[in-house]
Amino acid sequence: MPSTTQHRDPGRTEVDASITAWALAARNGDSHAVELFVRALHRDVLRYVSHLCGDPQAVDDLAQDTFLRALGSLHRFEGRSSARSWLLSIARRAVIDSYRHAAARPRAADVTDWQTAVEHAQPQGLPGFEEGVALLELLASLPDERREAFVLTQLLGLPYAEAARVSGCPVGTVRSRVARARTALTELIAVADVPAAVAA
């Protein structure tokens with residue numbers, strides 16, 4: 001596991017600066033910048049939303065909703081934070097709104113065992129596939145707040161301050177959640193039969 005001290009990757013800082021510049025250019029009507037902005041953050045939004053929501057079939061719709069909301073709000077984006085953290089905050093609200101909507105209008109699932117259906121739809125035999133599945137299973141066992149903090153900082157690479165803005169909590173809380181997530185994951189790895197690459 002990485003150490004609890006987080007150092008900002010200079011390459012990540014440069015990429016975030018470019019993405020933020022594209023968001024600002026998109027706000028001013030540059031259609032090419034819109035395309036670059038969406039393409040640069042699409043994978044991060046999918047990963048974040050998939051860890052927040054409990055319905056794998058809803059991930060693409062939530063990601064699309066996130067980008068529609070963001071593009072509709074670009075006129076209010078001023079670049080005070082990175083476009084990445086701004087967009088992930090929107091993704092978080094989209095997931096919360098979907099929960100509220102689902103709670104107001106519960107419906108039965110079309111597939112009786114959606115986890116099995118998703119597993120059968122996944123590509124198998126690819127390098128890293130088993131490690132990825134093992135990591136997802138370990139992450140799924142964490143409480144929601146700790147999983148979110150871990151995903152934002154360790155998988156998506158956000159600095160703690162930005163993760164705190166996305167999550168709507170103090171930086172110290174994010175640090176505590178990440179530390180507890182690491183401890184729990186380390187303990188789970190020690191007792192579980194997981195591939196060595198996950199433990200690394």
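## Close-up views of a helical model

**View 1. Helix H2 against helix H3.** Val-34, Val-38, Leu-41, His-42, Val-45, Leu-46, Val-49 and Ser-50 of H2 meet Val-59, Asp-60, Leu-62, Ala-63, Thr-66, Phe-67 and Leu-71 of H3, where a contact means heavy atoms within 4.5 Å. By class, this contact of H2 with H3 brings together 11 nonpolar, 3 polar and 1 charged residues, with Ala, Val, Leu, Ile, Met, Phe, Trp, Tyr, Cys and Pro counted as nonpolar, Asp, Glu, Lys and Arg as charged, and the others, Gly among them, as polar. This is a predicted model, in which local features need pLDDT of at least 70 and side-chain atom pairs count only at pLDDT 80 or more, while totals for chains, interfaces and linings use all residues. Residues are numbered from 1 along each chain as its sequence is written, and side-chain values use heavy atoms, with hydrogens and water left out.

H2 and H3 (residues 59-73) pack at an angle of about 135°, and their axes are 9 Å apart; the axes are lines fitted to C-alpha atoms, for helices over the stretch in contact, and angles run from 0 to 180 degrees between N-to-C directions. H2 is therefore oblique to H3, given that angles under 35 degrees count as roughly parallel, over 145 as roughly antiparallel, 65 to 115 as roughly perpendicular and the rest as oblique. The crossing of these two helices, H2 and H3, is right-handed (left-handed if the near helix is turned anticlockwise from the far one by less than a right angle, right-handed if clockwise).

**View 2. Helix H2 against helix H7.** H2, which spans residues 31-52, also packs with H7, which spans residues 144-155, at an angle of about 160° and with the axes 10 Å apart. Because of that angle, H2 is roughly antiparallel to H7. H2 passes H7 in a right-handed crossing. Arg-47, Tyr-48, His-51 and Leu-52 form the H2 side of the contact, and Arg-147, Glu-148, Val-151, Leu-152 and Leu-155 form the H7 side. Sorted by class, the residues of this contact of H2 with H7 are 5 nonpolar, 1 polar and 3 charged.

View 3. Arg-84 counts as buried because its relative accessibility is 4% (buried means under 20% relative accessible area, exposed over 50%, partly exposed in between, with a 1.4 Å probe and protein chains only). Neighbours within four places in sequence aside, Arg-84 is in contact with Arg-12, Val-15, Asp-16, Ile-19, Leu-41, Asp-44 and Leu-158.

**View 4. Helix H8 and the residues around Glu-162.** Helix H8, residues 160-167, is mostly covered, with 6 of its 8 residues buried. These buried residues of H8 are Tyr-160, Glu-162, Ala-163, Ala-164, Val-166 and Ser-167. Glu-162, with a relative accessible area of 10%, is therefore counted as buried. Although Glu-162 and Trp-86 are 76 residues apart along the chain, their C-alpha atoms are separated by 8.8 Å.

**View 5. From Gly-168 to Val-171 in helix H9.** Just after H8, Gly-168 takes a positive phi of about 70°, and this glycine sits in the loop between H8 and H9. Gly-168 counts as exposed because its relative accessibility is 67%. The C-alpha atoms of Gly-168 and Ser-89, which are 79 residues apart along the chain, are separated by 8.6 Å. Val-171 is placed in H9, residues 171-191, and counts as partly exposed at 32% relative accessibility. Not counting residues up to four places away in sequence, Val-171 touches Tyr-160, Ala-161 and Ala-164. The C-alpha atoms of Val-171 and Pro-159, 12 residues apart along the chain, are separated by 9.7 Å.

**View 6. The whole chain, with its 10 helices.** The protein chain has 10 helices and 0 strands, where helices (H or I, at least four residues) and strands (E, at least two) are DSSP runs numbered from the N terminus. Of the 200 residues in the protein chain, 34% are buried. Among the contacts in the chain with a separation of 6 or more, 69% join residues 24 or more positions apart. The mean pLDDT (the predictor's confidence in each residue, from 0 to 100) of the protein chain is 78, and 72% of its residues reach 70 or more. Over residues 1-5 the pLDDT is below 50, and this stretch has 12 contacts in the model beyond near neighbours in sequence. Over residues 117-129 the pLDDT stays under 50, and the model has 6 contacts for them beyond four places in sequence.
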